[in-house]
Every structure is written in C-alpha cells, then in structure tokens.
Amino acid sequence: MSREVVERAPGFRTPDLDASTRHRVAQSILEHGPSTAAELGERLGLTAAAVRRHLDVLLDRGLLVAREQRVYGARGRGRPAKVFALTDAGRADFYSAYDDLAIAALEFLADEAGSESVRKFASSRVASAEVRYADVMAGSTSSSPAHALAGALTGDGYVASVRPSALGEQLCQHHCPVAHVAERFPQLCEVETEMFSRLLGVHVQRLATIAHGDGVCTTHVPRTNQHDPEMTTPEERPVL
C-alpha cells in the first residue's frame with residue numbers, strides 16, 4: 001500500500017508515517033517556496049484534510065508561519081488563500097549537517113590559503129549564477145530591474161520580492177540556503193551584494209541578512225547610480 005493511500009485511510013496512520021509525511025510537506029515548501037495547502041496537496045498526492053493536519057502540527061512547533069497570499073492584479077471574491085513558509089527553525093532541520101561540513105571545509109581553506117581564499121571561492125560560486133540571472137533579466141518584462149532580479153532569485157529558491165521605498169526599492173530574500181554558513185563567513189553575503197550591484201547597474205546597500213539574525217535579507221536599490229549610505233532614512237530600513 002502506498003504512503004498516499006495509507007495517508008488517506010481514516011484512522012490508519014502511525015507516528016513514524018506522520019513524521020515522514022510532515023518532512024515531505026516541509027521539504028516541498030523548502031524546494032518550491034511558500035505554498036498553499038492546495039498546492040501542497042497536489043504536489044504530494046495528499047487530501048486537503050491530511051495536508052491541513054500536518055500543517056497544523058508544523059505551525060504549532062514553530063517550523064512554519066502562515067500569511068495571506070499576495071495577489072497581483074485584480075483580486076477575486078473572498079479572502080486570499082493562506083501560504084505557508086518555513087521559519088528559521090524549519091530551515092535548520094534541513095541544513096545543519098550540510099552547514100557543518102561547509103563550515104569545516106571553508107575553515108580548512110582559510111587556514112591553508114588565507115581568508116582571501118574564502119572570498120575567491122565565494123566569487124567563483126556566484127559566477128555561474130550571475131550569468132544565468134543576467135539572461136533571465138534580459139528576457140524579463142518586469143517593471144524594474146530589481147523585480148526582474150527578484151524573479152531570477154525566486155527561481156533559485158530565494159523567495160525574493162521587491163518593496164518600494166522612499167529612495168528607491170528594497171530587494172527582499174525571504175529564504176537563504178547558506179544562512180548558517182554566511183554567519184561564520186560574511187564574505188558570502190558581501191560577494192552576493194557585489195553581484196547585485198553589477199546586475200542592477202547601481203551601487204546597492206545590504207540593510208539586513210538572515211545570517212545576522214534578521215527575518216529577511218534586505219538590499220536597498222537606489223534610483224540612481226549616486227547613493228550616499230548616510231542618506232538611508234527610517235523608511236529605507238527593512239520591515240522585518
């Protein structure tokens with residue numbers, strides 16, 4: 001009997017199966033970004049009732065957060081559907097082992113070849129992504145380069161969005177797969193920020209990062225090439 005059939009059979013489930021299915025729900029959100037219960041059910045082959053039951057447990061444990069789905073364009077009747085996103089605690093379940101290995105490798109690299117070698121590694125890591133993002137942005141019909149970049153980042157699982165601000169825009173990344181590694185090696189964030197500047201053609205300023213404990217990685221994108229960091233106003237600061 002398949003897991004889906006067992007999941008749908010009333011009164012027939014085990015704690016181990018429940019834990020395994022909850023993990024699949026969380027992993028689907030990790031891979032696809034914030035999702036509605038209907039989207040999760042379709043992807044995983046589960047009933048709406050089964051999905052809601054697992055979502056309730058993950059919410060109670062602080063592994064997920066629920067918010068209203070953003071609606072672009074004309075809104076239909078009724079309230080927007082809720083989307084479910086992983087919290088920092090939810091992401092930590094997936095990354096701890098990989099993070100430990102990555103941190104150990106970078107520490108070894110820094111000890112053997114110096115701290116500059118970590119920056120060089122980070123630069124090589126984003127090089128291929130920069131080429132892909134530039135191609136996506138070139139073919140985008142988004143309202144601004146920042147929106148085009150947000151779309152490219154979302155395609156890589158960063159769940160990015162753009163907010164207007166007093167002096168330009170804020171590029172927000174709601175998920176960071178290397179947050180715990182970047183906490184130890186901020187060069188990863190620095191190199192990514194430099195890539196954003198090249199792709200957008202302006203000097204951007206990183207205002208907040210998940211790696212430093214903020215809820216969202218937020219980058220200020222000014223309207224012009226000239227930007228004085230001292231001009232950042234309260235309106236420019238990220239809404240976390």
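Q: At what angle do α6 and α9 pack, and how far apart are their axes?
A: This is a predicted model, in which local features need pLDDT of at least 70 and side-chain atom pairs count only at pLDDT 80 or more, while totals for chains, interfaces and linings use all residues. Residues are numbered from 1 along each chain as its sequence is written, and side-chain values use heavy atoms, with hydrogens and water left out. The two helices (helices are DSSP runs of H or I with at least four residues, strands are E runs of at least two, numbered from the N terminus) are compared through axes fitted to C-alpha atoms over the stretch in contact, with angles from 0 to 180 degrees between N-to-C directions. On that basis α6 and α9 pack at an angle of about 35°, and the distance between their axes is 9 Å.

Q: How many nonpolar, polar and charged residues make the contact of α6 with α9?
A: Contact here means heavy atoms within 4.5 Å, and the α6 side includes V118, A122, V126 and Y133, facing a set on α9 that includes L188, V191, M195 and L199. Sorted by class (Ala, Val, Leu, Ile, Met, Phe, Trp, Tyr, Cys and Pro as nonpolar, Asp, Glu, Lys and Arg as charged, the others, Gly among them, as polar), the contact has 11 nonpolar, 3 polar and 5 charged residues.

Q: Which residues are linked with R119 in a network of salt bridges?
A: A salt bridge requires a side-chain nitrogen of Lys or Arg within 4 Å of a carboxyl oxygen of Asp or Glu. The residues linked with R119 in the network are E190 and E194.

Q: Is L199 buried or exposed?
A: L199 lies in helix α9, and, leaving aside neighbours within four places in sequence, is in contact with E130, Y133, A134, M137 and L149. L199 and P145 are 54 residues apart in sequence, yet their C-alpha atoms are 8.3 Å apart in space. Because buried means under 20% relative accessible area, exposed over 50% and partly exposed in between (1.4 Å probe, protein chains only), the 16% of L199 makes this residue buried.

Q: Which residue forms a salt bridge with D156?
A: D156 sits in the loop between α7 and β3, and its partner is in helix α6, 24 residues apart. D156 is partly exposed at 33% relative accessible area. The closest N and O atoms are 2.9 Å apart, and the partner is R132.

Q: What is the N to O distance in the salt bridge of R53 and D18?
A: The pair links helix α4 (residues 48-60) with helix α2 (residues 15-32), over a separation of 35 residues. R53 is partly exposed at 22% relative accessibility, whereas D18, at 11%, is buried. Their side chains meet with an N to O distance of 3.4 Å.
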